[in-house]
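Colleague: I would like to learn how to read local features from a set of coordinates. Please take them one at a time, with the general idea before the case.

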Amino acid sequence: MSGRARLMWDDAVTGYDFGPSHPMDPVRLVLTMGLVRAYGLDRAADVVAAPAAGDSTLRLVHQQEYVDAVRRASLDPRGADGSYGLGTPDDPAFAGMHETSALIAGQSVGAAEAVWRGETAHAVNFAGGLHHAMPGAASGFCIYNDAALAIARLLELGAERVAYIDVDVHHGDGVQTAFWEDPRVLTVSLHEHPRTLFPQTGWAEETGGGAGEGSAVNVALPAGTGDEGWLRAFHSVVPELLADFRPQVLVTQHGADTHFEDPLAHLAVSLDAQRAVQASCHDLVHEYVDGGRWVALGGGGYAVVDVVPRSWTHLVAIAAHAPIDPLSEVPESWRDEVYARTRQLGPGRMTDGRTPAWQPWDAGYDPADRLDQAVLATRKAVFPLRGLLA
């Protein structure tokens with residue numbers, strides 16, 4: 001297996017553009033790749049472009065009727081069929097939507113194929129992580145569910161155990177739906193509580209169905225949760241599940257919208273904590289996953305200058321075994337690029353200057369604390385189904 005990480009990138013993914021007033025501004029991808037290059041990470045990892053996902057691949061998750069509807073809307077955005085979630089305020093139709101969405105999906109599928117075949121141990125597609133798309137509908141800024149497609153392709157190639165960890169502020173509902181009854185896939189989502197945020201799913205009691213009962217795990221975090229609580233929740237659930245499941249591949253989704261500056265949600269997580277979870281995922285891969293196989297994806301994130309590029313550049317650096325010093329000053333050349341593209345001043349350093357820390361679960365919990373209540377609800381709902389102590 002190659003010791004070099006793989007970064008999936010094609011400039012055309014920046015065509016995923018819902019329009020100038022939409023929060024998912026593709027400049028976040030442009031600036032991330034610019035910062036990756038400014039740190040020389042395009043030399044520390046192999047930058048590879050995979051082909052767009054074809055219909056046979058898309059059908060691993062999506063209904064053909066839906067793919068056809070996306071293709072029609074791509075050719076005629078004004079005629080988009082709203083019954084498929086297209087042409088809505090969240091998912092406006094745009095020319096070339098099918099081609100660009102399939103290209104993003106292709107990068108995640110290509111990443112999955114590369115790690116499964118031993119071409120690389122770690123592969124990153126920060127343009128991916130579009131976890132809300134359903135088999136037959138667009139949802140939440142997501143047209144094709146590249147995360148679910150990557151997992152489905154791994155299963156098609158022969159994987160018997162794939163774990164999916166989603167730390168986006170929004171519930172990873174589309175991925176959970178795709179594998180609700182499949183015991184081969186363990187989905188774990190840490191997200192803001194559905195009472196206060198889209199998509200209003202991801203309750204602790206959602207644990208999978210049929211043969212997949214116990215394979216869906218949801219930690220619904222109270223609005224306002226900061227670094228200590230977020231990290232405590234992650235470490236109180238994820239390592240124990242991975243140690244039990246022993247996946248052959250780990251797929252992770254790293255939406256940057258947990259950050260306290262994100263305009264669309266209500267958690268209060270810093271870049272330092274996001275980086276700490278990325279590093280923990282890397283450590284867990286090497287501890288519990290066959291061959292260290294890791295597919296890391298982007299996701300949400302709407303502080304498109306100050307947060308997203310730094311968070312995902314750290315992700316690339318960690319996957320490439322070339323971590324960036326948290327105290328590092330942002331290269332001046334990148335700040336110049338930020339101003340040229342956005343007329344905004346870019347951030348001056350690579351994190352928020354915090355020192356993340358948390359109390360481990362086995363040190364005890366406070367039954368009156370809302371964060372601990374959320375963790376306990378998850379453990380009680382799903383751990384016994386997996387033969388683990390709540």
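This is a predicted model: local features need pLDDT of at least 70, side-chain atom pairs count only at pLDDT 80 or more; totals for chains, interfaces and linings use all residues.

Colleague: How many disulfides does the structure hold?

Modeller: A disulfide is a pair of cysteine sulfur atoms within 2.5 Å. The structure holds zero disulfides. Cys-142 is in none, and the nearest cysteine sulfur, in Cys-281, is 19 Å away.

Colleague: Is Cys-142 buried or exposed?

Modeller: Buried means under 20% relative accessible area, exposed over 50%, and partly exposed in between, with a 1.4 Å probe and protein chains only. Cys-142 has a relative accessible area of 3%, so Cys-142 is buried. Cys-281, at 2%, is buried as well.

Colleague: How many residues of strand S4 are buried?

Modeller: Helices (H or I, at least four residues) and strands (E, at least two) are DSSP runs, numbered from the N terminus. Strand S4 covers residues 162–166, and five of its five residues are buried. Val-162, Tyr-164 and Asp-166 lie on one side, Ala-163 and Ile-165 on the other, and both faces are covered.

Colleague: Which strands pair with S4?

Modeller: Two strands pair if DSSP finds at least two bridges between them. S4 pairs with S5 (residues 185–192) in the parallel sense over five bridges. The bridge partner of Asp-166 in S5 is Ser-189. From S4 the chain passes through helix H7 (residues 173–178) to S5, a right-handed β-α-β crossover. Right-handed means that, with the strands pointing away from the viewer, the path from the first strand over the helix to the second runs clockwise. S4 is also joined by five bridges to S7 (residues 249–253), and this pair is parallel. In S7, Val-251 stands opposite Tyr-164.

Colleague: What span should helix H12 have?

Modeller: The expected span is 1.5 Å times one less than the number of residues. H12 (residues 370–382) has 13 residues and should span 18 Å; the end C-alpha atoms are 19 Å apart, which agrees. The buried residues of H12 include Leu-371, Ala-374 and Val-382. Contact means heavy atoms within 4.5 Å. Strand S6 (216–221) and helix H8 (227–245) are among the elements that cover the buried residues of H12.

Colleague: Which residue caps the N-terminal end of H12?

Modeller: A polar contact is a pair of N or O atoms within 3.5 Å; within protein, one must be able to donate a hydrogen and the other to accept it, and residues adjacent in sequence count only if both atoms are side-chain atoms. Asp-369 is the cap, with a side-chain oxygen 3.0 Å from the backbone nitrogen of Leu-371.

Colleague: What does Asn-218 contact?

Modeller: Asn-218 is in strand S6 and is buried at 1% relative accessibility. The side chain of Asn-218 makes a polar contact of 2.8 Å with the side chain of His-171. Beyond four places in sequence, the contacts of Asn-218 include Gln-176, Ser-189, Trp-203 and Thr-378.

Colleague: Where is His-314, and what does it touch?

Modeller: His-314 is in helix H10 (residues 308–319) and is buried at 1% relative accessibility. Not counting residues up to four places away in sequence, His-314 touches Arg-275, Gln-278, Ile-324, Met-350 and Thr-351. A polar atom of the His-314 side chain lies 3.0 Å from the backbone oxygen of Met-350.

Colleague: Which residues have a positive phi without being a glycine?

Modeller: Most residues other than glycine have a negative phi, and most peptide bonds are trans. Gln-200 has a phi of about 60°, and His-321 has a phi of about 55°. Gln-200 lies in the loop between S5 and S6 and is partly exposed at 44%. His-321 lies in the loop between H10 and helix H11 (332–342), and is partly exposed at 44%.

Colleague: Where is a cis peptide bond found?

Modeller: A cis peptide bond joins Phe-198 and Pro-199, with omega about 5°. Pro-199 is in the loop between S5 and S6.

Definitions and conventions: Residues are numbered from 1 along each chain as its sequence is written. Side-chain values use heavy atoms; hydrogens and water are left out.
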